Amino acid sequence: MTVPQLSPELLEQRPELYPDHKKLLALPEKIIQFGTGVLLRGLPDFFVNKANQQNIFNGRIVVVKSTSQGGVDAFGIQKNIFSHSIRGIENGKQIDETVINSAISRTLSASNNWPEILECAHNPEMQIVISNTTEVGIQFVEDNLQASPPISFPGKLTAFLYERFKAFNGSAESGMVIVPTELIVGNGTKLREIVLKQAAQHALGTDFITWLEQHNQFCNSLVDRIVPGKPDAETVAELTEKSGYKDDLLIVSEVYSLWAIEGDAQVKSVLNFAQADKGVVIEPNIDLFRELKLRLLNGTHTLASGLCFLQGLNTVRESMENAETAKFIAGVMLNELAPAIPYAVDPARAQEFGNQVLDRFRNPFIRHQLIDITVQYTAKMKMRNIPTLLNHYQKTSEVPALFAKGFAAFLLFMKPVQLVDGIYSGERNGETYPIRCDAVAYFADQWEKADSSTDLVQKVLADENLWGANLTTLPGFEKAVTENIKQLSKQETAIN
């Protein structure tokens, strides 16, 4: 028997799957979202869909994909409808449910559909911009705002906002609420600065710049939900059998969810989907939420992913089931990172949050691939962990031994053994793995030139352009990293 594909047609045949689907699929477009990734679909899009079902927000999302490759076809086949499996433990109870999400109306390719994307700026109901373009996406680059499309995300956003400014003659009501979710400290503030710089550099006029400054709100935000990449075949088969339909856009997430947004009463009014779920928090200051998540959850992920992967493990869950790596993860998080968060955090609150994170890492349903966590490894290490390391040394000259071990594993992971078709690969236990990091060519060069691991560590740690600080000046850190590299290099890569 052929398993049907999830689609509006299937919902017509099986209305019990998604009550009121006709009404929900007819809602107007109110959000433009740059990014199709699973995090956006598993968190912001989840909240919007939930609010629509509760008759609160009543709006849909136009999604912009940065490239023309992949993803768009799958969205097209299913008319942008997808299912979201939510699995884990909440308040001691096991949760295992699947919801259908119809929040996305269209998925457009920036490369192929730029005129259609700009046309969205003419929609008076479209008041919200959401983005997730990874940590390296919010950068100023020399761009051409007349291109179709501009190269960078901030360039695309500037062109979009300029189109809107012209369409509505710079009216106050046409201003937008822009909420980037990239894991960068002050992501909204930084994006605003880049957009203003692009506007000035391209001489778009003082009236446009005034409109940007006075009538658009760029909100710092933080997202926190574990949404792994594409589910494995076993999970897909299990959920397909359970639901009775096939879904090529299926995502799986944990139960826990948080979207903390920095904003005022006006932001709350526009983002009224926040009323549908306690996971959306809109407050004047979200620094505490950001620091706890960035330093403990993400920082631990970054320090542990390379170490656990090189020791033969593939997922966070496997790492928590292995006694040695589980001890490392708990130790580095609670004993080294938590006390050194570069923000005034109540130690008890940090420990409480850390223990919650460890429970989330143990989620039996989530298969979070370690190799996925290593994407843009260097940028993540710099943003998530170097400030904590520097703050540690502000408090004590004692070497953070577990941090040094995780950093050594990072350097080993970033050691390429081959370059094929522009893709660098490392080697684990005789098999290659992709190194998906913008800094990989730098590390390939450093490893090739280094006379020894001691030489490699010294040069990389001393590179202020890479880290924003000379890490060789931290007492004992260079020596500890060097010793760990030597020790890890001698170990068998697989844990028996």
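In the lining of the largest cavity, strand 9 (221-224) and helix 12 are each the source of at least two residues. The model is predicted, with local features requiring pLDDT of at least 70 and side-chain atom pairs pLDDT 80 or more, while totals for chains, interfaces and linings use all residues. Residues are numbered from 1 along each chain as its sequence is written, and side-chain values use heavy atoms, without hydrogens and water.

**Exercise 1.** Describe the largest cavity by its volume, its lining residues and their classes.

*Solution.* Step 1: a cavity is a set of points on a 1 Å grid over the protein atoms alone where a 1.4 Å probe fits but cannot get out, and lining residues have an atom within 4 Å of a point. By this rule there are 3 cavities of 30 Å³ or more. Step 2: the largest cavity holds about 80 Å³, a volume being the space filled by probe spheres set on points joined across faces, edges and corners. Step 3: its lining consists of Glu182, Leu183, Ile184, Val185, Gly186, Asn187, Asn220, Ser221, Leu222, Ile286, Arg290 and Leu294. Step 4: these divide into 6 nonpolar, 4 polar and 2 charged residues. Here Ala, Val, Leu, Ile, Met, Phe, Trp, Tyr, Cys and Pro are nonpolar, Asp, Glu, Lys and Arg charged, and the others, Gly among them, polar.

**Exercise 2.** Which element gives the most residues to the lining of the second largest cavity?

*Solution.* Step 1: the volume of the second largest cavity is about 60 Å³. Step 2: its lining residues include Thr300, His301, Cys308, Phe361 and Ile373. Step 3: helix 12, helix 13 (316-321) and helix 16 (370-373) each give two or more of the lining residues; helices (H or I, at least four residues) and strands (E, at least two) are DSSP runs numbered from the N terminus. Step 4: helix 12 gives the most, with 5 residues. Step 5: the lining has 7 nonpolar and 4 polar residues, and no charged ones.

**Exercise 3.** Describe the second largest pocket by its volume and lining.

*Solution.* Step 1: a pocket is an open set of points with protein on both sides within 12 Å along at least five of seven lines. The second largest pocket has a volume of about 1,000 Å³. Step 2: of its 34 lining residues, Glu90, Val255, Tyr256, Ser257 and Lys278 lie nearest the centre. Step 3: among the elements supplying at least two residues are strand 3 (82-90), strand 4 (93-101) and helix 12 (287-310), while helix 15 gives the most, with 6 residues. Step 4: the lining comprises 13 nonpolar, 9 polar and 12 charged residues.

**Exercise 4.** State how helix 17 and helix 19 pack.

*Solution.* Step 1: helix 17 (residues 377-384) and helix 19 (residues 401-413) have axes 11 Å apart at an angle of about 160°. Axes are lines fitted to C-alpha atoms over the stretch in contact, and angles run from 0 to 180 degrees between N-to-C directions. Step 2: helix 17 is therefore roughly antiparallel to helix 19, a term for angles over 145 degrees. Step 3: Tyr377, Thr378 and Met381 of helix 17 meet Phe407, Phe410 and Phe413 of helix 19, contact meaning heavy atoms within 4.5 Å. Step 4: this contact has 5 nonpolar residues, 1 polar and no charged.

Key
Parallel < 35°, antiparallel > 145°, perpendicular 65-115°, else oblique.
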